[in-house]
Structure formats: structure tokens, C-alpha cells
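Subject: Structure for your review

Dear colleague,

Please find below the structure I promised to hand over. My notes on what was found in it follow directly after.

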Amino acid sequence: MNREANLKAIFDKTRGVCHFCGDSVVFAKYDLRGEIGSWNIDHVNQKSKGGSKDVENCLPACASCNRLRWGYQGNRLRELLSLGQIADDQIRKNSPLGKQIKSLRSRRVEQTLKRRKPK
């Protein structure tokens with residue numbers, strides 16, 4: 001199969017949605033940064049851990065989810081998602097812990113933006 005056919009086969013596995021969050025992705029927006037509907041290939045078994053580039057090991061993921069996943073897999077990824085749900089509950093309740101989590105996240109976003117500014 002050629003590259004375009006491989007991408008189409010991967011994209012079609014989930015009928016045009018991110019396999020993590022279920023948001024729609026647009027086939028023509030493959031690997032476009034900052035575009036709504038852009039998507040990347042997620043290697044179910046990461047290449048860095050011996051996973052193949054074969055279509056069978058790949059699923060479409062929106063660019064946001066694919067970046068958030070990093071190298072996490074299996075139990076560790078589920079643990080992080082679970083912690084995120086707990087954090088979200090606390091933020092929605094506006095609890096002291098939720099306020100602290102929001103503050104920590106704001107600080108992290110600021111630090112990330114500072115790192116990205118051209119020097």
C-alpha cells in the first residue's frame with residue numbers, strides 16, 4: 001500500500017474520529033499543527049517500545065490527544081486519565097484542592113508559554 005492508502009486505512013478505522021476523545025478529525029488535515037480537525041497517527045504499541053509502523057498498530061488521534069499521550073500506555077495512561085477526572089471533579093466543586101489544581105495548572109501554562117517564546 002502507498003502512503004495515502006495507509007493513511008486512509010488508519011483514518012477509516014474510527015470513521016473519522018479521534019480514538020481517544022471521539023472528536024471529529026478531517027482526513028485532509030493530517031499532521032497540520034494548530035488546525036481544528038487535525039490528526040496524527042497514534043501507534044498503539046509505541047515505536048520507541050518496539051511497536052511497528054504497520055496499519056494494524058495505528059489509530060487516528062486528534063493532535064491534542066496525541067500530544068497529551070506522550071509515551072504513556074496501558075495502566076499508566078489509565079491512571080493519569082483517572083487522576084484527571086478526580087482533578088476535574090474537584091475543580092467543578094470549587095473545593096480548596098480544586099483551586100490549588102487550577103493554580104498549579106495556570107503556573108504550568110505560563111512556564112510553557114515562556115519556553116516557547118522566541119529569544
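The charged end of Lys8 is placed over the ring of Phe27, at 5.4 Å from the ring centre. Please keep in mind that this is a predicted model, so every value in this message is computed from it.

Phe27 also takes part in the aromatic pairs. A pair of aromatic rings is described by two quantities, the distance of the centres and the angle of the planes. There are four aromatic pairs in the model. One of them joins Phe11 and Phe27 edge-to-face, with 5.4 Å from centre to centre and 75 degrees between the planes. Because Phe11 belongs to helix H1 (residues 3–12) and Phe27 to the loop between H1 and strand S1 (39–43), this pair ties together parts that are 16 residues apart in sequence. Phe11 is buried, with a relative accessible area of 9%, whereas Phe27 is partly exposed at 22% relative accessibility.

Phe11 forms an aromatic pair with Trp39 as well; this one is tilted, with 5.4 Å between the centres and 55 degrees between the planes. Here helix H1 holds Phe11 and strand S1 holds Trp39, so the pair ties together parts that are 28 residues apart in sequence. Trp39 is buried, and its relative accessible area is 0%. Through ring pairs, Phe11, Phe27, Tyr30 and Trp39 are linked into a cluster.

The next topic is the nonpolar core. How many residues make up the largest nonpolar core? The count is 12 residues, including Leu7, Ile10, Phe11, Val25, Trp39 and Ile41. Cys18, Cys58, Cys62 and Cys65 are also among them. At least two residues of this core come from each of H1, S1 and strand S2 (58–62). Val25, one of the core residues, touches Phe11, Trp39 and Cys62, among others, when residues up to four places away in sequence are not counted.

At the N-terminal end, H1 is capped by Asn2, which has a side-chain oxygen 3.2 Å from the backbone nitrogen of Glu4.

Two loops complete these notes. In the loop between H1 and S1, Arg15 has a positive phi of about 55 degrees although it is not a glycine. Is Arg15 buried or exposed? Arg15 counts as exposed, because its relative accessibility is 76% and the cut-off for exposed is over 50%.

In the loop between helix H3 (74–92) and helix H4 (96–116) lies Ser95. Ser95 is buried, with a relative accessible area of 13%, and its side chain is joined to that of Gln90 by a polar contact of 2.7 Å. Asn94 is found in the loop between H3 and H4 and has a positive phi of about 55 degrees, although it is not a glycine. Asn94 counts as partly exposed at 45% relative accessibility.

Yours sincerely,
A colleague

Definitions and conventions. Residues numbered from 1 in each chain as written. Predicted model: local features only at pLDDT ≥ 70, side-chain atom pairs only at ≥ 80, totals over all residues. Heavy atoms only, no water. Phe/Tyr/Trp six-rings, centres within 6.5 Å; stacked < 30°, edge-to-face > 60°. Helix = DSSP H or I, 4+ residues; strand = E, 2+ residues; numbered from the N terminus. Buried < 20%, exposed > 50% of the residue type's maximum accessible area, 1.4 Å probe, protein only. Lys NZ or Arg CZ within 6 Å of the ring centre and 35° of its normal. Core = buried A, V, L, I, M, F, W, Y, C linked by side-chain atoms within 4.5 Å. Contact = heavy atoms within 4.5 Å. Polar contact = N/O pair within 3.5 Å; in protein donor to acceptor, adjacent residues only side chain to side chain.
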